[in-house]
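Q: I'm new to this one. Can you walk me through the model?

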Amino acid sequence: MAQYTKHPVAAPPSAPERESTGHLLLRGYIILVLFTTFAHSAVYNLVGEVGAVIALVVFLLATVAIGVPLLARNRPQPFAWRRLPWAAIAYTVLALVSVAWSQWRGATLITWVLLATVTVNALFIVHVLTWHEIVRALASAFKWILGLSLVLELWVALVVHGPILPNFFDRPEGEIDPHWYWVRGNLFDGDRIQGIVGNSNLLAIISLFAIITFGVLYAARARWRTTLALWGLLAAFFLLRAGSATAYACAAAAGVVLVVALLMRRTTTPGGRTRLYVVVIGGAVVLTAAVWLLQKPLLALLGRSSDLTGRSDKIWEKVLDRAAEHPLFGNGFSSPWVPFDPAFAGWIEDHGITVFHAHNMWLDVLMQLGVLGLLLVGLAYLSLLWRSWFFAIDRPRWDLDSTRPYSPLTLLPSLFTIVLLVQGFTESTPIMLWGWMLLVVLSFKIKAVPLVGVGERERVIERGERTRRVP
């Protein structure tokens with residue numbers, strides 16, 4: 001219990017400021033938006049194409065309905081127009097303008113609505129939530145995905161005793177390619193599992209994001225640390241059982257960045273940081289060269305083929321051929337590729353399923369929006385990488401006090417960014433859905449609030465957290 005004086009001059013103690021019911025409901029809505037964005041494939045598998053589109057439209061309308069009155073009243077604070085992630089906004093505008101020369105105009109319009117929905121929701125999240133609230137909302141969304149994945153896998157393994165198809169369709173007679181299944185029921189047989197998202201690679205990368213989020217909250221001494229540790233163990237279990245080589249590479253890269261960032265924090269002189277940069281950059285060059293030279297045995301060790309599971313010869317060559325047709329402005333935006341559009345239907349197939357992205361975000365952007373789009377995406381990610389790195393390693397300072405402690409939460413943007421960049425070599429998700437949302441959220445929030453704990457709402461939360469931790 002907190003101790004306080006009974007001296008008549010001293011002010012009586014006051015309870016920490018509590019959040020209003022409206023703000024709690026707002027946070028709950030944002031958790032639902034994050035869950036639907038990260039687990040969009042689960043929504044698709046549950047209610048089908050039409051249902052998934054309706055869900056996105058409903059969330060867009062709800063966000064506009066909630067956000068417009070807040071902007072009109074400058075609540076919870078004036079909108080930071082000058083701090084917008086302009087490279088990402090320019091890419092979004094270019095994607096819409098590309099309908100003028102698009103080779104698949106219907107697909108461009110459909111997928112641009114998806115991109116605009118994600119962008120608007122991301123800007124709204126940054127405007128109404130603080131850094132602490134954003135991290136906690138991400139943690140809650142990940143908990144829902146992991147928890148429902150465990151429930152679904154247990155139900156399929158113990159009750160159904162077999163795989164299930166999307167929309168719970170009955171399995172047809174005869175053999176069916178396992179890639180068509182939503183969940184294959186491999187929880188207890190040692191094979192790869194898919195979870196509620198229906199994809200092992202997606203489940204693995206979400207589990208990695210969850211581990212990072214739970215880790216920074218645990219280091220920040222958030223409440224219910226034992227529960228956070230248990231959720232982290234579940235996420236680690238899913239990461240291992242999903243068996244994604246891309247996720248393993250992302251985890252290794254995030255681990256290296258974490259170690260370097262912590263070493264940078266302990267280095268107090270400019271010369272010490274310079275020497276550390278030289279060592280790290282030199283080591284990265286040597287490591288990259290070693291991985292390139294030993295790629296075949298390393299991929300074999302992970303159970304993958306030297307062509308990255310057909311990416312280089314089946315997908316990338318065809319994408320480059322199409323990109324060469326319109327190299328400057330591209331063929332038209334479509335992320336993801338719309339499988340029922342004649343330009344994509346049957347163009348590239350894997351196990352009888354039309355591939356819906358290039359499995360490399362840079363090649364995907366080059367094909368869709370050409371060199372101009374590639375420059376904008378590169379600028380957006382380079383800006384985020386630069387800002388998030390110094391956000392993580394620089395001591396928080398806004399006055400003459402240079403002894404403030406680091407916040408573990410400032411490590412999260414740089415770790416998320418490096419995961420997205422590494423994943424972008426074999427997947428295109430960093431430029432659509434939750435990948436794009438993370439890019440916009442982190443870019444905008446770092447520019448608008450470059451220090452955790454600054455601002456009235458941040459200070460209220462800081463005071464509340466400190467009061468709850470008083471023994």
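Predicted model: local features only at pLDDT ≥ 70, side-chain atom pairs only at ≥ 80, totals over all residues.

Q: How many helices and strands are in the protein chain?
A: The protein chain has 15 helices and 2 strands. Those are DSSP runs numbered from the N terminus: helices are H or I with at least four residues, strands are E with at least two.

Q: What share of the residues counts as buried?
A: Of 471 residues, 48% count as buried. Buried means under 20% relative accessible area, exposed means over 50%, and partly exposed is in between (1.4 Å probe, protein chains only).

Q: Which residues touch the most other members of the largest nonpolar core?
A: Ile30, Phe38, Ile205 and Phe209 do, in a core of 114 residues. H5 supplies the largest share of this core, 13 residues. A nonpolar core is a set of buried Ala, Val, Leu, Ile, Met, Phe, Trp, Tyr and Cys residues joined through side-chain atoms within 4.5 Å. Another core lies apart from it, with 17 residues, among them Trp104, Ala107, Trp347 and Ala358.

Q: What does Ile30 touch?
A: Leaving out residues up to four places away in sequence, Ile30 touches Phe124, Ile125, Val128, Leu129 and Ala137. Contact means heavy atoms within 4.5 Å.

Q: New topic: the surface. Which residues make the nonpolar patch?
A: Leu46, Val47, Leu154, Trp155, Leu158, Val159, Phe168 and Phe188 make a patch of about 770 Å². Helices H2 (40–72) and H5 (131–160) each give two or more residues to it. H5 gives the most, with 4 residues. Patch members have over 30% relative accessible area and no salt bridge; like charges are joined within 9 Å, nonpolar side chains (Val, Leu, Ile, Met, Phe, Trp, Tyr) within 5 Å. Areas come from the Shrake-Rupley method with a 1.4 Å probe, and for residues only the protein chains shown count as cover.

Q: Why does Leu154 count as partly exposed?
A: Because its relative accessible area is 31%. Leu154 sits in helix H5.

Q: And His40, buried or exposed?
A: His40 is buried, at 14% relative accessibility. His40 lies in helix H2.

Q: How many salt bridges are there?
A: The structure holds 1. Arg273 pairs with Asp394, their closest N and O atoms 3.1 Å apart. Arg273 is in helix H9 (residues 270–293), while Asp394 is in the loop between helix H12 (361–393) and H13, 121 residues apart. A salt bridge needs a side-chain nitrogen of Lys or Arg within 4 Å of a carboxyl oxygen of Asp or Glu.

Q: Why can such side chains pair?
A: Opposite charges can pair when the charged atoms come close.

Q: Last one: where is Ser428?
A: Ser428 is in the loop between helix H13 (411–423) and helix H14 (434–448). Ser428 is buried, with a relative accessible area of 0%.

Q: Which side chains make polar contacts with the side chain of Ser428?
A: His357 does, at 3.5 Å. Asp364 does too, at 2.8 Å. A polar contact is a pair of N or O atoms within 3.5 Å; within protein, one must be able to donate a hydrogen and the other to accept it, and residues adjacent in sequence count only if both atoms are side-chain atoms.

Definitions and conventions: Residues numbered from 1 in each chain as written. Heavy atoms only, no water.
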